[in-house]
Amino acid sequence: MMSKKCPYEKKCGGCQYIDLPYEEQLKKKQKETNKLLSSFGKVKPIIGMKDPWHYRNKVHGVVAGDRHGNCFTGIYENRSHRVIRVDSCLIENQKADAIMNTVTSLMKSFKMRPYNEDTGYGFLRHILVRTGYHTGQIMVVLVTASPVFPSKNNFVKALRKEHPEITTIVANVNNRNTSMVLGDKQQILYGKGYIEDVLCGKTFRISSKSFYQVNPIQTEVLYNKAIEFAGLTGKERVIDAYSGIGTIGMVASDNAGEVISVELNGDAVRDAVFNAKQNKVKNIRFYKEDAGDFMVKMASHKEKADVVFMDPPRAGSDKKFLDSLLRLKPKKIVYISCNPETLARDLKHLTGNGYSVRQIQPVDMFPSTGHVEAVCLLSRREK
């Protein structure tokens, strides 16, 4: 499969491998994963995508303007705060790009100014579009610098006239001088304020701040692989650590005895509880807590777990979490990683303390970029 030419490649820096044909990208990622992980066991062939373009279901644009008062969205130039105009991106959902272009074209007639970071003047800061891959539902989040949204009803009407497929529109207020995109306050301008999507047969509610994987096709591949590795028989007690909105735990619940889902972010836990009710999942419980502290408590109460699913951030897990895992002594650990370097570091710690690596499966979640995900099965060595 040939590579495509991206006009923004040099200034953006987001897609390090976009110039390589897709087969070459996969070879390169396989080689990198082998180099980091083959000392722990055989690394399986990487699972790529049939169509590695326009896969991102979450699209974000910084709003800016030119000298003539025309507005556009873009990205910050690599290592700077200059906004480069981007009208369409090869890895983003095309519908989302079209919606962002419509929003910026409406701004002029509504006398809406883009926010200027240096002067602190202006109104619209960012546009965020999230799409449900299976449901087709679309959420548009307009991030503004002020809570007062002039002629918001007419703006919503004009946007929906161009894009009747939009299912909800949210105004989020971010009046702080910060690199964070979303602020704390928001109001729903149209629809329910969230969208839903289906993943591995379960329906998930996604709000503006929910963490939800950006490549739904490969997420299903990754999660199905994780469930397969766990080899659940319907009796096991499972812990889903770093559980977010409850995705992996709920997918595992069909084949587990009980699932304990642990997550520190309160918004995510609220969404997870709602998702479980909606999917009529009865054998799952949610705890708003640090997963490491939670497992230490379980171990000190002589509680057991058969399988722990862990899906830490890019920085990997910390020693505190890994030590709590070792105290709990689950029979199996299914480690879902978005960074083979930190995975190698964490595997070293676990294999040095009674665990063996049984399976390593890389998955290409982010074609055109240098990122590689992997799912890894460890089991406790018999004494």
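I searched the whole structure, a predicted model, and found 21 salt bridges. I then looked at some of them one by one.

Entry on Lys-5. I find Lys-5 in a salt bridge with Glu-9, with 3.7 Å between the closest N and O atoms. Lys-5 is exposed because its relative accessible area of 63% is over 50%. Glu-9, at 18%, counts as buried. I also noted a network of salt bridges that links Lys-5, Glu-9, Lys-10 and Asp-19.

Entry on helix α5. Lys-225 and Glu-228 form a salt bridge, the closest N and O atoms being 3.2 Å apart. I place both in helix α5 (residues 216-230), 3 residues apart, about one turn of the helix. Lys-225 is buried at 17%, and Glu-228 is partly exposed at 48%.

Entry on Arg-237. Its salt bridge partner is Glu-258, and the closest N and O atoms are 2.9 Å apart. This pair links distant parts of the chain, with Arg-237 in strand β10 and Glu-258 in strand β11, 21 residues apart.

Entry on the sheet. I traced 7 strands in an open sheet of mixed pairing, in the order β12-β11-β10-β13-β14-β16-β15. β12 and β15 each have a single partner strand, so one side of each is left without a neighbour in the sheet. Strands β11 and β12 run parallel and are joined by 5 bridges. Ile-260 stands opposite Arg-285 in β12.

Entry on helix α10. This helix (residues 340-351) packs on the sheet and touches β14, β15 and β16. I looked up Thr-342 in helix α10. Thr-342 is buried, with a relative accessible area of 11%. Beyond its neighbours within four places in sequence, Thr-342 contacts Arg-314, Ala-315, Gly-316 and Tyr-335.

Note on methods. Residues numbered from 1 in each chain as written. Predicted model: local features only at pLDDT ≥ 70, side-chain atom pairs only at ≥ 80, totals over all residues. Heavy atoms only, no water. Pairing = 2+ DSSP bridges. Helix = DSSP H or I, 4+ residues; strand = E, 2+ residues; numbered from the N terminus. Contact = heavy atoms within 4.5 Å. Axes fitted to C-alpha atoms, helices over the stretch in contact; angles between N-to-C directions. Buried < 20%, exposed > 50% of the residue type's maximum accessible area, 1.4 Å probe, protein only. Salt bridge = Lys/Arg side-chain N within 4 Å of Asp/Glu carboxyl O.
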